[in-house]
Amino acid sequence: MPEGPSVRKFHHLISPFVGQQVVKTEGSSKKLQPAGLQSLWLQDSQVHGKKLFLRFDPDEEMEPPGSSPPPEPPQKEAHKEGAADPKRDGEPSGQKTLDGSSQSAELNPQGEDESECLEGDAPAGDAGRWLRVSFGLFGSVWVNEFSRAKKANKRGDWRDPSPRLVLYFGGGGFLAFYNCQMSWSSSPVVTPACDILSEKFHRGQALEALGQAQPVCYTLLDQRYFSGLGNIIKNEVLYRAGIHPLSLGSVLSAPRREALVDHVVEFSTAWLQGKFQGRPQHTQVYQKDQCPAGHQVMKEAFGPPGGFQRLTWWCPQCQPQLPEEPEQRQFS
């Protein structure tokens with residue numbers, strides 16, 4: 001699943017289409033019925049964590065109430081033009097994941113607690129309708145071009161991925177959404193306090209959540225407190241903070257929890273900045289055999305009992321397990 005920085009880049013790519021009318025639709029989504037979007041006007045776009053919200057209205061509005069301005073790159077030197085060119089994302093082959101995987105995978109449960117701090121799940125009325133977009137494992141947004149097959153599928157066919165939704169606009173461009181789920185919702189009243197890339201991210205709330213008597217690798221994936229944080233960020237920030245993934249938050253000192261939150265914000269922000277500047281994000285332990293210090297990296301799936309198990313990479317020497325903590329197998 002694309003993490004917060006990737007979804008914010010998708011939002012940036014979509015922004016130039018706000019204020020345009022949909023003149024044609026297509027796509028494989030049966031639940032959404034793409035034809036129902038034809039002739040509607042895209043009046044606003046918002047992002048929260050790993051989800052996009054697109055507002056469609058039947059009539060044109062020059063200045064829709066509550067509309068969001070196009071997101072600016074996080075640094076002044078980042079480009080502010082040509083945002084509709086996906087090749088400027090630092091992932092020229094179509095928003096690939098850091099391991100270079102293709103987009104041919106189906107929607108896949110990710111293991112993060114997706115009960116985000118969102119409100120407004122009821123269908124909206126005719127005055128304003130919001131389309132909620134939740135991306136799958138290799139979900140992506142393409143602008144003015146379609147994704148192409150990078151390799152043959154299991155049947156040996158070189159079949160291009162099928163977009164769930166394609167929106168053609170009166171201005172001449174189009175958006176193609178891949179590997180995602182879409183549903184109508186009412187106006188997305190979000191709480192930016194839990195969005196790790198929001199200026200209103202609430203550190204105190206995050207620190208309190210990290211103090212729970214459960215492995216911190218579980219808490220970090222809880223979207224109620226760390227919306228936008230996924231498996232890549234989880235592994236990288238734990239390594240940078242020198243914290244074992246199964247460390248109980250309740251036995252970590254306040255300074256160590258503070259340092260962990262610092263790494264969450266710093267790593268996520270740097271990843272987003274890299275996307276606007278065309279720089280790939282380099283990892284230190286995620287899908288690595290050795291850490292930067294040359295130690296062997298361990299890999300195992302961890303997750304709450306009865307919940308999703310997520311692959312976790314860590315260095316036993318750089319991230320030692322504290323004596324007070326139970327043995328790993330009790331939580332694996």
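## Helix packing, cores and loops

Asn-144 sits in the loop between β5 (129–143) and β6 (165–169). Helices (H or I, at least four residues) and strands (E, at least two) are DSSP runs, numbered from the N terminus. The model is predicted: local features need pLDDT of at least 70, side-chain atom pairs count only at pLDDT 80 or more, and totals for chains, interfaces and linings use all residues. Residues are numbered from 1 along each chain as its sequence is written, and side-chain values use heavy atoms, with hydrogens and water left out.

**Loop residues**

Asn-144 has a phi near 60 degrees, a positive value in a residue other than glycine. At 40% relative accessibility it counts as partly exposed. The cut-offs are these: buried is under 20% relative accessible area, exposed is over 50%, and partly exposed is in between (1.4 Å probe, protein chains only).

Gln-33 also belongs to a loop, the one between β1 (22–26) and β2 (41–48). Its phi is near 60 degrees, again positive in a residue other than glycine. With a relative accessible area of 57%, Gln-33 is exposed.

Pro-188 lies in the loop between β7 (174–185) and β8 (189–190). At 7% relative accessibility, Pro-188 counts as buried. The C-alpha atoms of Pro-188 and His-48 are separated by 9.2 Å. Along the chain, these two residues are 140 residues apart.

**Overall make-up**

The protein has 5 helices and 10 strands. Of its 332 residues, 50% are buried. Contact means heavy atoms within 4.5 Å. Among contacts with a separation of 6 or more, 71% join residues 24 or more positions apart.

**Cores**

A nonpolar core is a set of buried Ala, Val, Leu, Ile, Met, Phe, Trp, Tyr and Cys residues joined through side-chain atoms within 4.5 Å. The largest one holds 37 residues. Ile-196, Leu-220, Phe-226, Leu-229 and Leu-260 have the most contacts inside it. At least two residues each come from α2 (203–210), α3 (216–220), α4 (231–241), α5 (254–277) and β10 (310–314). The most come from α5, which gives 7 residues. Apart from this core lies another, of 26 residues, among them Val-22, Leu-40, Val-141 and Cys-180.

Which residues does Leu-260 touch, not counting residues up to four places away in sequence? They are Leu-210, Leu-220, Val-237, Leu-238, Ala-241 and Ile-243.

Axes are lines fitted to C-alpha atoms, for helices over the stretch in contact, and angles run from 0 to 180 degrees between N-to-C directions.

| Pair | Angle | Axis separation |
|---|---|---|
| α2 and α5 | about 125 degrees | 10 Å |
| α4 and α5 | about 130 degrees | 9 Å |

Angles under 35 degrees count as roughly parallel, over 145 as roughly antiparallel, 65 to 115 as roughly perpendicular and the rest as oblique. Therefore α2 and α5 are oblique to each other. So are α4 and α5.

A crossing is left-handed if the near helix is turned anticlockwise from the far one by less than a right angle, and right-handed if clockwise. α2 passes α5 in a right-handed crossing. From α2, the contact uses Arg-203, Ala-206, Leu-207 and Leu-210. From α5 come Arg-257, Glu-258, Leu-260, Val-261 and Asp-262. This contact of α2 with α5 has 5 nonpolar, no polar and 4 charged residues. For these classes, Ala, Val, Leu, Ile, Met, Phe, Trp, Tyr, Cys and Pro count as nonpolar, Asp, Glu, Lys and Arg as charged, and the others, Gly among them, as polar.

The crossing of α4 with α5 is right-handed. On the α4 side are Ile-232, Ile-233, Glu-236, Val-237, Leu-238, Arg-240 and Ala-241. They meet Arg-256, Leu-260, His-263, Val-264, Phe-267, Ser-268 and Trp-271 in α5. By class, the contact of α4 with α5 has 9 nonpolar, 2 polar and 3 charged residues.

Why is α4 described as largely enclosed by the rest of the structure? Because 10 of its 11 residues are buried. Lys-234, Asn-235 and Glu-236 are among the buried ones. The buried residues of α4 pack against α1 (4–14), α3, α5 and β10. Just after α4, Gly-242 takes a positive phi of about 70 degrees.

Thr-219 lies in helix α3. At 1% relative accessibility, Thr-219 counts as buried. Not counting residues up to four places away in sequence, Thr-219 touches Ala-209, Leu-210, Gln-212, Gln-214 and Phe-226.
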